[in-house]
Amino acid sequence: MAERALRRWVMTKTVLKVEGMTCSSCIEHVSEALAIEGVGHVEVKLDSGTVEVEHDGSISSGRLIAALQQAGYEAMPAESWPGGSRVTGKVTCCG
Ligand SMILES: [Cu+2]
């Protein structure tokens with residue numbers, strides 16, 4: 001059905017704050033970690049330390065965070081990030 005086919009392309013965007021991303025290798029690692037079924041485009045923004053994940057809506061932010069933690073990065077939903085405070089965590093950068 002056309003309606004069902006269309007639903008596949010309705011993407012949800014989840015923005016996560018990720019600690020410890022500092023170099024282009026981090027972008028690769030984060031992108032690889034988020035290569036989960038159902039995930040579409042992943043945009044890593046080093047400037048803001050955020051990752052924008054487009055997915056089909058079946059993936060919870062908890063699942064994305066778990067995947068990032070497995071890759072060695074602390075992550076949290078961007079909306080629960082205490083704005084303005086500096087990252088206090090350990091440096092996890094691979095570089
Ligand atoms: Cu790095």
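Trainee: What do the buried residues of α3 pack against?

Mentor: They pack against β1, α2, β3 and β4. Bear in mind that this is a predicted model, where local features need pLDDT of at least 70 and side-chain atom pairs count only at pLDDT 80 or more, while totals for chains, interfaces and linings use all residues. Residues are numbered from 1 along each chain as its sequence is written.

Trainee: What counts as buried here?

Mentor: A residue is buried if 20 or more other C-beta atoms lie within 10 Å of its own, exposed if 12 or fewer, and partly exposed in between, with C-beta atoms placed from the backbone.

Trainee: OK, which residues of α3 are buried?

Mentor: L64, A67 and L68. They sit on the same side of α3, because they cover an arc of only 100 degrees around the axis. That arc is taken from the directions from the helix axis to the C-beta atoms.

Trainee: Why would residues a few places apart in a helix point the same way?

Mentor: An α-helix has 3.6 residues a turn, so residues three or four places apart end up pointing the same way.

Trainee: And what's exposed on the other side of α3?

Mentor: G62 and Q70 are exposed there. After α3 comes G72, with a positive phi near 100 degrees.

Trainee: Let's zoom out. How many helices and strands does the chain have?

Mentor: 3 helices and 4 strands. Along the sequence they follow the pattern α-β-α-β-β-α-β. Both kinds are DSSP runs numbered from the N terminus: helices are H or I with at least four residues, strands are E with at least two.

Trainee: In what order do the strands line up in the sheet?

Mentor: It's an open sheet of 4 strands, ordered β2-β3-β1-β4, with antiparallel pairing. β2 and β4 (75–77) are the edge strands, each with a single partner, so one side of each has no neighbour in the sheet. On average, neighbouring strands are turned by 25 degrees against each other, direction ignored.

Trainee: How many bridges join each pair, starting with β2 and β3?

Mentor: 5 bridges join β2 to β3 (residues 50–55). For β1 and β3 there are 6 bridges, and for β1 and β4 there are 3. Two strands pair if DSSP finds at least two bridges between them.

Trainee: Which residues of β3 are on its covered face?

Mentor: V51, V53 and H55 are on the covered face, with T50, E52 and E54 on the uncovered one. β3 also makes a hairpin with β2, with 4 residues between them, and G49 in that turn has a positive phi of about 65 degrees.

Trainee: Now V44. Is it buried or exposed?

Mentor: V44 counts as buried because 20 other C-beta atoms lie within 10 Å. V44 is in strand β2 (residues 39–45), and its bridge partner in β3 is V51.

Trainee: What does V44 touch, skipping residues up to four places away in sequence?

Mentor: M21, I27, V30, S31 and V51. Contact means C-beta atoms, placed from the backbone, within 7 Å. The C-alpha atoms of V44 and M21 are separated by 9.0 Å, with the two residues 23 apart along the chain.

Trainee: How many residues are in the largest nonpolar core?

Mentor: 16, with V18, V30, L34 and L68 having the most contacts inside it. β1, α2, β2, β3 and α3 each supply at least two residues of this core. A nonpolar core is a set of buried Ala, Val, Leu, Ile, Met, Phe, Trp, Tyr and Cys residues joined through C-beta atoms within 7 Å. Among the partners of L34 are V39, V53 and L64.

Key. Two residues are in contact if their C-beta atoms, placed from the backbone, lie within 7 Å. Axes are lines fitted to C-alpha atoms, for helices over the stretch in contact, and angles run from 0 to 180 degrees between N-to-C directions.
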